[in-house]
Amino acid sequence: MPVTVVEAVGTLGISLSRGFPLGISMLPESQGPDAVNVAVYAPERRQVVLCHRMPGGPWKAVLLSDITDGVHHGLVTEIPVGSHYGFYTDAAGENKDLEKIDPETVQLLLDPYGRYIDEYVESDGTTKYVSVRMGTYFDWSDVRRPETSRRNTVYYEAHVRGQSMLHPGIPEEIRGSYAGMAHPVMIKHLLDLGVTAVQLLPIHFHIDEPHLHGTGMVNYWGYNTLGFFAPHVKYASAQAREGGPEAVQAELKGMVKLLHQAGIEVILDVVFNHTAEGGQGGPALSWRGLAEEQYYRMNDAGYVDTTGCGNSLNFGNPQVIKMTMDSLRYWVEEFHIDGFRFDLAVSLARDGLHEFNSQHPFLLAAATDGVLASTKLIAEPWDLGNDGWQTGNFPTGWSDWNDSFRDTVREVWLTDRAATFDGHHQGSLDKFGDALGGSANLFARSGRTAMSAVNLVSAHDGFTLADLTAFNEKHNEDNQEGNRDGHDYNRSWNHGVEGITDDPMILAQRSRTARNMMATLLLAQGVPMITAGDELGRSQGGNNNGYCQDNEITWLEWSFDEDSKTMFAATQRLLAIRKDFLAGQPSSFPASGSEAFIHWFGADGLPMTPERWTNPHERVLTMLVGSSQGLLDGLIVFNTGITDEDVILPANPRFAEDTGAGPCDYRLRITTAAPTMDDDGEPTFRLPRSTPRIPPGESVRLEANTVMIFSNDRNDCAEPAGT
């Protein structure tokens, strides 16, 4: 057994040490370059021992002699950057007991505030984890956070590893890494597409759940956090990992810097609802060994699990709120992160009685904090606890994933159309109109506007956009759970054949439906989120729960065949139209109700009435959207039915009320029916400027399962009579 050197903290050390900040913090230079203050929250522990070793040195043990409000702390003179350390709580405190501690064989408790985690495998196959002291220097030059307004934001949900693993234009040695995510080829793709923010699946240090051991599968998604301040090391390139902790940290910061340089924000998906320690009785890796009853929700000495993951962090405890806030600030201040998406955010807003509170101290603290207030805070507004669905109920300063939008769009374009073809009852368009208009019925009750709705049709969890059109049932056999995992009701429709087919009619309809859902997503009020690969028609073969598949099932495929080129061209064009439209609106649009407007019409060009909204036979909806102060308005016509229709384009009330103005023609900007070919023989959805303008009152033929988008502005108005 290695010899553990026992150190003592003298009176001087005690007098200088503090219970804050938690973790390892630097001291004035007069105390020495490697002297640090160490503080750890462990209120139920009588004694806490710090074990540490500098690179190449022996392990040392020191008792943290001072305790303040449940925090054990002390001054330690020799913990240079790169040192390994952890905590031990089972020693009696005498020197002879400290000498018996063997950090090589026991799992030291990780520092909940540790900035880096090293892992290594023992000879018996056991994996051990240890915290590492980190420096903070990085040259950000003059690169600043883009601070894109929510109105102009388009999220792109991506996985660091899966995004570049198969990209032929990225060097093999950095595929699947932070460096691969920021490679010029990848940045060009994001810019060409037109997104403004990458929302990365968890990059906090995470580990696999025990049930995956020995299966050949891993926790690919990363929702099993072991370090809220530490980056996931395996997402760094091999060269960075060989270079050590500072090189890994630098590569991650370099990724953020390069994305910011291109004007692209970086949003982190964070998992503060539970930890990787699992259910009660599981391994003590950090929080459980330090303060189990404080960190975790408990009731009658048992765990209260609102996450389905075995444990739930206790946001009824101020110390948990503090840890979370400190972590968020750290990622903003040290890594220049632009915002966060909070997994199972309802669990973060449950009080001491385990009930959801829309005014929970954590929600209000995050929204008003001086560092975090400028970031984007996005809630996944549900969990698995009682009263767990809370979409629309988060407070001002927060955005919610809008699952109501997701479900409605899928129903209108998929299950309703499938029901019609089968001769069955279908839904009406009233919920569709509400979704397009920003889901006011959901978000107005919390005093928020459509800008608080993060609209989505797909996400990492569930079918891809392409698979929604190709599968009626999930196909998760590769997950080795007998296809029992994943959602059973997906509101999907295979268009007549389950999965792979070579029928050109079915393939064409599937592609058109996918374009229609993308158009609905990108042209609705609210902030859209595209799932990485949906712009390429990516399929997971019907797997709607790829959390454990770190392989071609979940990685993006970059072959750019005709279908993927077509889907990319459509998405790119839709985003360009969205950007042009917003550029022609006042900065307050659409939050200001006094300026923004939406008018609704049926196929006959007449306004929608309450009776028409609830009539299931009304399958055409025309949406005229704009602002009284805007430079142009948009007219979007949705034919969600199964028959072609003649649609009369309505007169724009705004221009009709403008004294002296003549009729303002509509200019067609895109139809989702099918692409044309550009001069290079590539599919495109751009229309020539010579496309004939259409005056209001005239009809257009709109094919079934198609969206047409028109612009309407003063430049297309007839001259007033007598001029």
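Alanine 301 is exposed, with a relative accessible area of 63%; here exposed means over 50% relative accessible area, buried means under 20%, and partly exposed lies in between, using a 1.4 Å probe and protein chains only. This alanine sits in the loop between β16 (298–299) and β17 (302–303), where strands (E, at least two residues) and helices (H or I, at least four) are DSSP runs numbered from the N terminus. Although alanine 301 is not a glycine, its phi is positive, at about 70 degrees.

Before going further, a word on the model. It is predicted, so local features need pLDDT of at least 70 and side-chain atom pairs count only at pLDDT 80 or more, while totals for chains, interfaces and linings use all residues. Residues are numbered from 1 along each chain as its sequence is written, and side-chain values use heavy atoms, with hydrogens and water left out.

Now back to the backbone. Most residues other than glycine have a negative phi, and most peptide bonds are trans. Aspartate 387 lies in the loop between β19 (376–379) and β20 (399–402) and is exposed, with a relative accessible area of 53%.

Two peptide bonds also deserve a look. The bond from phenylalanine 20 to proline 21 is cis, with omega near -15 degrees, and proline 21 belongs to the loop between α1 (11–16) and β2 (23–26). Further along, phenylalanine 589 and proline 590 are joined by a cis peptide bond with omega of about -5 degrees. You will find proline 590 in the loop between α16 (562–583) and β23 (596–601).

Return to the loop between β19 and β20, which also holds glutamate 380. At 7% relative accessibility, glutamate 380 counts as buried. The side chain of glutamate 380 makes a polar contact of 3.0 Å with that of arginine 341; such a contact is a pair of N or O atoms within 3.5 Å, where within protein one must be able to donate a hydrogen and the other to accept it, and residues adjacent in sequence count only if both atoms are side-chain atoms. Setting aside neighbours within four places in sequence, glutamate 380 is in contact (heavy atoms within 4.5 Å) with Arg341, Phe342, Asp343, Leu344, Ala345, Val346 and Trp401.

Stepping back to the whole protein chain, its secondary structure comes to 18 helices and 31 strands. With 723 residues, a compact globule would have a radius of gyration near 27 Å, and the chain agrees at 28 Å; the radius is taken over C-alpha atoms, and the globule rule is 2.2 Å times the number of residues to the power 0.38. Along its principal axes, the C-alpha trace spans about 100 × 55 × 55 Å. Of the 723 residues, 60% count as buried. Among contacts with a separation of 6 or more, residues 24 or more positions apart account for 71%.
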